[in-house]
Amino acid sequence: MSTTRDRLTTRDRLTDTLYGLGWAGVRKLPEPVAERLGRRIADTAWRRRGKGVRQLEANLARVVPDASPERLTQLSRAGMRSYLRYWMESFRLPAWSEERIRGGVRITDLHHLTDGIASDRGVILALPHLANWDLAGAYLTTALDTPFSTVVERLKPESLFDRFVAYREGLGMEVLPHSGGAAFGTLARRLRAGGLVCLVADRDLSASGTEVTFFGERTRMPAGPAMLAQQTGALLLPVTLWYDRTPQLKGRVHPPVEVPAEGTRREKSAVMTQAVADAFAEGIAAHPEDWHMLQRLWLSDLEPDRADAPSGEGSTRGNGGRSDEGEATAEEARDA
C-alpha cells in the first residue's frame, strides 16, 4: 500500500516528466502547430473547470466587477489561452534566434529603463504575472544587451527546479535561489554596482508581505522591491505586459516609484508597494485576460489561519524581493 509520501513522489516525478516533454518536444514543433496545440490544451482545461480555472474566474470578477456571467466566461477562456500561449512560447524560447526575440517584443516608455540603466544607479523592475515575463527577460538580455538578476523559490522535485534554473540561465539571467534571505544581500550588491534586478511581485501571502488595496480589496504583495530601492538608491520601475492580436508581446515601463521623503522604513515601503500595486492594477484592468493568476490572492478568500501563515501555497514570498517562479508555476499547471 502506497504512503502519502510515495504518492507525492510519484506526482512530482510526473510533473517533472511533463515539463521535460514540453521543453524537449514543443520547441521542435513549427510555430503554428505549437500555437494550435496550446489553444487546444487551454480549451480542454477551461472546459474541465478545475480549481485553477475556477479561481481564475473568481479573480477576474474582482478585476472586472461589472462583467456579466457570460463576459466572465469569455475572459476566463481567453485567460487560459493566454496562459498556455505563455507556456508554448516559453518551451520554444530557448530555440528562438536573437532576431526572433528582438522582433517579438515591443515596449512602450522604454526610456524609463534605458535612462535608469545609463545612470548606473541600479534598476529594479517589478512585474505581475501578465503575459510572458520570460520573453520580456530574454528581450532585455538580447535586444538591450542587459543581463539581470532574479530570485526563484525552490521547486519539488529538485530536478524540476534545476530545469527552471537552467532554462532561465540559458536566456541570460542570473538566477538566485532563495535561501535564508541571502538573496537580498546579493541583489543589493548587484544594484549598488549599477545592475538590473527583475522580480515578479504581485502575490505574497506570507506574514511578511505588505498589505495593499488591490481592486478595492486587501491583499499582500512583496516588500522586497521597495526595500531594495530604499537600501540601494536604485530606481524602482513597475512593468506591465500584454498580448494583442499580433505575434508580438507588448509592454509598458511605468514611471519610477519614488521613495517618500518622510516616514519609517516600513511606512515608506508600504507607500511604495501600494504605488506598485496601483501600476499593476492599471495594466491588469486594461488586459485582464493576460493576468495568469490561477491561485487565491485576496485575503478575504483565505481561511483565517492561511492569511497569517508563514507562507502561502505557491506564494510569492516577499522577504528580500522573492519571486514565486518556482512552486507556483508547477502548482498552477497541475491545478488548471
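## Overall composition

The chain exposes about 14,700 Å², of which carbon and sulfur atoms supply 51%; accessible areas come from the Shrake-Rupley method with a 1.4 Å probe, and for residues only the protein chains shown count as cover. The model is predicted: local features need pLDDT of at least 70, side-chain atom pairs count only at pLDDT 80 or more, and totals for chains, interfaces and linings use all residues. Residues are numbered from 1 along each chain as its sequence is written, and side-chain values use heavy atoms, with hydrogens and water left out.

The chain contains 13 helices and nine strands, which are DSSP runs numbered from the N terminus (helices: H or I, at least four residues; strands: E, at least two). Of its 336 residues, 55% are buried, where buried means under 20% relative accessible area, exposed over 50%, and partly exposed in between. Among contacts (heavy atoms within 4.5 Å) with a separation of 6 or more, 77% join residues 24 or more positions apart.

## Helices H2 and H4

Helix H2 (residues 31–48) packs against helix H4 (residues 69–92) at an angle of about 140 degrees, and their axes are 8 Å apart. Axes are lines fitted to C-alpha atoms over the stretch in contact, and angles run from 0 to 180 degrees between N-to-C directions. The two helices, H2 and H4, are therefore oblique to each other; angles under 35 degrees count as roughly parallel, over 145 as roughly antiparallel, 65 to 115 as roughly perpendicular and the rest as oblique. On the H2 side, the contact includes Leu37, Ile41 and Trp46, while H4 contributes residues including Met80, Leu84 and Met88.

Arg36 also lies in helix H2 and is partly exposed, with a relative accessible area of 43%. Arg36 and Arg85 are 49 residues apart in sequence and 9.6 Å apart in space, C-alpha to C-alpha.

## Helix H10

Helix H10 (residues 224–232) has the buried residues Gly224, Pro225, Ala226, Leu228, Ala229 and Thr232. These pack against strands E2 (123–127), E5 (196–200) and E8 (235–243), and against helices H9 (182–192) and H11 (265–286). Gly233 follows H10 and has a positive phi, near 80 degrees.

## Positive phi in two loops

Most residues other than glycine have a negative phi. Asp109, in the loop between strand E1 (105–108) and helix H6 (111–119), has a positive phi of about 60 degrees although it is not a glycine. Asp109 is partly exposed, with a relative accessible area of 30%.

Phe215, also not a glycine, has a positive phi of about 50 degrees. Phe215 lies in the loop between strands E6 (210–214) and E7 (217–221) and is partly exposed, at 22% relative accessible area.

Methods
Buried means under 20% relative accessible area, exposed over 50%, partly exposed in between (1.4 Å probe, protein chains only).
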